[in-house]
Amino acid sequence: MRTEVYAHPVSFRTDPAGQAARLAGTGVDRVRLAFAYHSGRWLLSTSAPASVADLDGGLWFAPVPPLRGRLRPAVVADLAGDAATALRAVGIEVSAWLVGLHQSALATAHPDLALRNAFDHRYRHALCPSRAEVVDHAVALVSGASSPILPSS
């Protein structure tokens with residue numbers, strides 16, 4: 001049986017190898033790691049001890065190549081690559097968890113690209129996937145996130 005958990009890279013910030021080993025010891029064999037996420041309150045259940053944290057929205061990795069254009073979420077901290085490396089080192093599969101369009105800062109800064117409802121009201125929490133610039137941003141985000149999670153050759 002496969003055991004998969006969702007985790008935030010902040011859970012691995014102080015001791016990536018130790019946290020990865022602790023998860024492996026529980027039988028977890030796959031982690032979906034937040035590489036891009038919106039702001040919010042997190043229960044960091046994969047940390048020891050578990051904690052609650054208010055985290056900024058943005059990127060938790062430095063994309064390669066860097067994102068271009070108007071839609072460039074802030075790199076909050078480059079923690080996801082180290083966490084992914086530590087998890088893979090103990091035999092845990094890693095996949096990037098990307099929340100690329102639910103980004104309040106970007107939608108607020110670029111209202112022309114924000115999601116709109118049937119009454120043409122703009123939502124400040126999300127980008128509109130029908131806009132070509134937003135689609136380009138999503139493609140670049142996925143491409144940039146693939147580098148830190150792919151095993152080294």
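## Asp112 and Arg70

The structure you are looking at is a predicted model. Asp112 forms a salt bridge with Arg70, and their closest N and O atoms are 2.8 Å apart. Asp112 sits in the loop between helix 3 (104-109) and strand 7 (114-116), while Arg70 belongs to the loop between strand 5 (58-59) and helix 2, so this pair ties together parts that are 42 residues apart in sequence.

Arg70 is itself partly exposed, at 38% relative accessibility. Glu133 also forms a salt bridge with Arg70, with 3.0 Å between the closest N and O atoms. Since Glu133 lies in helix 4 and Arg70 in the loop between strand 5 and helix 2, the pair ties together parts that are 63 residues apart in sequence. Glu133 is partly exposed too, with a relative accessible area of 29%.

## Other salt bridges

The count of salt bridges comes to 7. Among them, Asp120 and Arg116 meet through their side chains at 3.2 Å, N to O. Elsewhere, Arg2, Arg30 and Glu93 are linked in a network of salt bridges.

## Inside helix 4

Now look at His137, found in helix 4 (residues 132-149). His137 is buried, with a relative accessible area of 5%. Its contacts beyond four places away in sequence are Leu67, Leu71, Pro73, Gly100, Leu101, Leu106 and Leu127.

## Helix 2 and its end

Helix 2 covers residues 80-89, and its buried residues are Ala80, Gly81, Ala83, Ala84, Ala86 and Leu87. Just after helix 2, Gly91 takes a positive phi of about 85°.

Definitions and conventions. Residues numbered from 1 in each chain as written. Predicted model: local features only at pLDDT ≥ 70, side-chain atom pairs only at ≥ 80, totals over all residues. Heavy atoms only, no water. Buried < 20%, exposed > 50% of the residue type's maximum accessible area, 1.4 Å probe, protein only. Helix = DSSP H or I, 4+ residues; strand = E, 2+ residues; numbered from the N terminus. Contact = heavy atoms within 4.5 Å. Salt bridge = Lys/Arg side-chain N within 4 Å of Asp/Glu carboxyl O.
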